[in-house]
Amino acid sequence: LESIACNNCGAPLVVPDNANFMTCAHCDTQLAVKRTADARFTEAIDDLRERVEHLTLQNDLEALDREWAIEKESFMVSGKDGSRRLPTKVGSVTGGVVIAVFGLIWSAGAMAIATTATRFNDGIGSVATCFPLFGLLLILLGIATSVSAYHKADNYSAAHRRYKRRRREILKKMHRG
């Protein structure tokens, strides 16, 4: 038998040599019995549980942050200069409108040229009638690009909200403990 003090209330305890856990008869604290080469002592199991829970929550938070960094990267779009950025709904619509307006201008200009060439019976009149179709193609490309980028921006916003909500839940649990 060993004589050890309860680390919660300080009461003297008599502990069998092979015991690793016990409950203090004075304060009912569950204790882990620790033995080193130089010392014998007790530690409240609740303290150990709290530390393990806190470490687990810290680990969960770090894992969530790592997962978010990877997921966030999947939403990135490349700029003209090769830079990477997150899509925005406003930027998506603006980009689509710019491309579509350019397509309209192209079509109007090409139709004017085609009409003039046809009126003067210039040999390029039949070829010039195809050029407005490039403008129409640009308009369709602008709309498709805008819709695609808008959906990507919308999906990013939803994923970011989920990440923030999960992060708040973990932090709330950490501060409760």
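The lining of the largest pocket is made up, by class, of three nonpolar, eight polar and two charged residues. The model is predicted, and the pocket has a volume of about 260 Å³.

**The largest pocket**

- Of the 13 residues that line this pocket, the closest to its centre are Arg85, Gly91, Ser92, Thr145 and Ala149.
- Helix H2, residues 89-119, and helix H4 each supply at least two residues of the lining.
- The largest share of the lining comes from H4, which gives five residues.
- Serine 92 belongs to helix H2.
- Serine 92 has a relative accessibility of 6%, so this residue counts as buried, the cut-off for buried being under 20%.
- A polar atom in the side chain of serine 92 lies 3.2 Å from the backbone oxygen of alanine 149.
- Serine 92 and alanine 149 are both among the residues closest to the centre of the pocket.

**Aromatic pairs**

- A search of the whole structure finds four aromatic pairs.
- In one of them, the ring centres of tryptophan 68 and tyrosine 163 are 4.9 Å apart and the planes stand at 10 degrees, so this pair is stacked; planes under 30 degrees apart count as stacked.
- This pair links distant parts of the chain, since tryptophan 68 is in helix H1 (residues 45-75) and tyrosine 163 is in helix H4 (residues 131-176), 95 residues apart.
- Tryptophan 68 counts as buried, with a relative accessibility of 8%.
- Tyrosine 163 is buried too, with a relative accessible area of 11%.
- One aromatic cluster is formed by Trp68, Phe75, Tyr156 and Tyr163.

**Salt bridges**

- The structure holds nine salt bridges.
- One of these joins the side chains of arginine 167 and aspartate 65, at 3.0 Å from N to O.
- Arginine 167 lies in helix H4 and aspartate 65 in helix H1, 102 residues apart, and the pair links distant parts of the chain.
- Arginine 167 is partly exposed, with a relative accessible area of 23%, and aspartate 65 counts as partly exposed at 24% relative accessibility.
- Glutamate 73 and arginine 84 form another salt bridge, in which the closest N and O atoms are 3.1 Å apart.
- Here the link runs from helix H1, which holds glutamate 73, to strand E7 (residues 84-85), which holds arginine 84, and the two residues are eleven residues apart.
- Glutamate 73 has a relative accessibility of 41% and counts as partly exposed; arginine 84 is partly exposed with a relative accessible area of 40%.
- A salt bridge also brings together the side chains of aspartate 154 and lysine 89, again given from N to O, at 3.0 Å.
- Aspartate 154 is in helix H4 and lysine 89 is in helix H2, 65 residues apart, so that distant parts of the chain are linked.
- Aspartate 154 counts as partly exposed at 30% relative accessibility, and lysine 89 counts as partly exposed at 31%.

**The loop between strands E3 and E4**

- Threonine 29 is placed in the loop between strand E3 (21-23) and strand E4 (30-35).
- Threonine 29 counts as buried, at 12% relative accessibility.
- The side chain of threonine 29 makes a polar contact of 2.8 Å with the side chain of asparagine 8.
- Aspartate 28 is found in this loop between E3 and E4 as well.
- Aspartate 28 has a relative accessibility of 61%, so this residue counts as exposed; exposed means over 50%.
- Most residues other than glycine have a negative phi.
- Aspartate 28 is not a glycine, yet its phi is positive, at about 60 degrees.

Notes: Residues numbered from 1 in each chain as written. Predicted model: local features only at pLDDT ≥ 70, side-chain atom pairs only at ≥ 80, totals over all residues. Heavy atoms only, no water. Phe/Tyr/Trp six-rings, centres within 6.5 Å; stacked < 30°, edge-to-face > 60°. Helix = DSSP H or I, 4+ residues; strand = E, 2+ residues; numbered from the N terminus. Buried < 20%, exposed > 50% of the residue type's maximum accessible area, 1.4 Å probe, protein only. 1 Å grid on protein atoms, 1.4 Å probe; cavity = no way out; pocket = protein on both sides within 12 Å on 5 of 7 lines; lining within 4 Å. Points joined across faces, edges and corners; volume = space filled by probe spheres on them. Nonpolar A, V, L, I, M, F, W, Y, C, P; charged D, E, K, R; others polar. Salt bridge = Lys/Arg side-chain N within 4 Å of Asp/Glu carboxyl O. Polar contact = N/O pair within 3.5 Å; in protein donor to acceptor, adjacent residues only side chain to side chain.
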